[in-house]
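Try each task before reading its solution.

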Amino acid sequence: MSLVQLTVNGKPQHLDVPPMKRLLDVLREDLHLTGTKEGCGEGECGACAVLVDGELVNSCLVPALQVNGARICTIEGVSTEGRLHPIQQCFLERGGAQCGICTPGMILATHHLLDKHPNPTLEQIQEGLAGNLCRCTGYMRIFESVQEAAKLGAS
Amino acid sequence: MRSDVAQFALSAPATLDAVLAQLAAEPGKHTPLAGGTELMVALNTGRLTQHSLVSIQHLKELRFIRVAADAIQIGAGATFTDIRRDTTIAAELPLLIQSASWTGTIANQNRATLGGNICNASPAADTPPALLAYGASITLISKAGTRTLPYTEFHLSYKKIVLRPDELVHSVSVPRAFAGYRQYIRKVGTRNALAISKIALAALAKLDDDRLTDIRLGAASLTDRPVRCSAAEAALLGKSLGPNDIDATIRAGRAALAAETHTIDDIRSTAKYRSAVAGNLLEEFLRSLAG
């Protein structure tokens, strides 16, 4: 076991976990933050994407010890004071979310994209979300949601 | 089936020296773990055979990009995102930028490192063809010191590399010598995104009028390891791409490339397809030079 200290959605956490335990499982099992989903478990689908020190990563590929001292943002940390983040609001209004499994990862990938490219081209949106697979929407409504969020200046 | 994580040890010594001391104390016992985009997949699918790992992801000594007058030195711990964001690399080494953009997705590029991509030693890896074409050198580091060798000597056979169990890749250096070169890279895979290549070719050429005064070719999936295509280079060097010569030059280049191609049938493609497409990519590059 290893002592791991990290900040999750602004809250300091001290954990005693196996050092190779996946960040995904630390979030879901130890911290009960089940908004982060498991899809493929191989870093291909993006359902488990979270922000680590502001950078998008797949939490299924991150061992707990490697986030010692890091700041983590999960989907639970995106909304503030019970109000949806503008990116979430745009996904809701534009039909960017259907079954919901890919949505937490999509929202965080969008957050990361708009942080780097506040006014993304369609190509930049496609590249930014290429690691997030959705089986419901066909992606067009997701792209529209991201474009709408960019218009609102949401990052 | 997923592995039981309690069966795996992971340490994270604070400094590069401490990591090298640990590797030297018990050579072969500890496996370096950088961005985890390969080893964590193995863990998640129950295929990880190494049970003691040492994290090198946090080592600042390995995460750098240094631009000197004659070379760009990229630390083994530089991520693909670090590489893509570097303005000098973007201006001078477009083939490396392009291949970095093909490596996994943004989330993986934020974690995966150049050193990891090289040491994983897949014959289909994205960055080796560009590094081979650019004539990169590679520096290895251990408790005993460092050694630098041409990157062409790094890959020995399928998944076999010259790295000793007590060594880490320290950095890769690419000479700043390609102003005036025409540069080409193309990866052929099943899709644009998230696809491992069936075949890839990186190429650099310098022309004097129609004549090829330098040509450098690096390929993925052409043999059991990433290779520099020296027979095709030799067949093309000094040849003309003028209107009366280009077809003969292309024939000579394709024949030499085919002779040094030892592809295999595997889950991603067939030897016949790979061999034919490798020749097509070379021809596409040569015709683009003439056009």
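**Exercise 1: A loop residue in chain B**

D209(B) sits in the loop that joins strand 12 (199-208) and strand 13 (211-220) of chain B; strands are DSSP runs of E with at least two residues and helices are runs of H or I with at least four, both numbered from the N terminus. This is a predicted model, in which local features need pLDDT of at least 70, side-chain atom pairs count only at pLDDT 80 or more, and totals for chains, interfaces and linings use all residues. Residues are numbered from 1 along each chain as its sequence is written, while chains are lettered from A and ligands numbered from 1 in the order in which they are written.

Task: find the phi of D209(B), then decide whether D209(B) is buried or exposed.

Step 1. Phi is near 55°, a positive value in a residue other than glycine.
Step 2. Count the C-beta neighbours inside 10 Å: there are 8, so D209(B) counts as exposed. The cut-offs are 20 or more other C-beta atoms within 10 Å for buried, 12 or fewer for exposed, and partly exposed in between, with C-beta atoms placed from the backbone.

**Exercise 2: A loop residue in chain A**

Step 1. Y139(A) has a positive phi of about 75°, although it is not a glycine.
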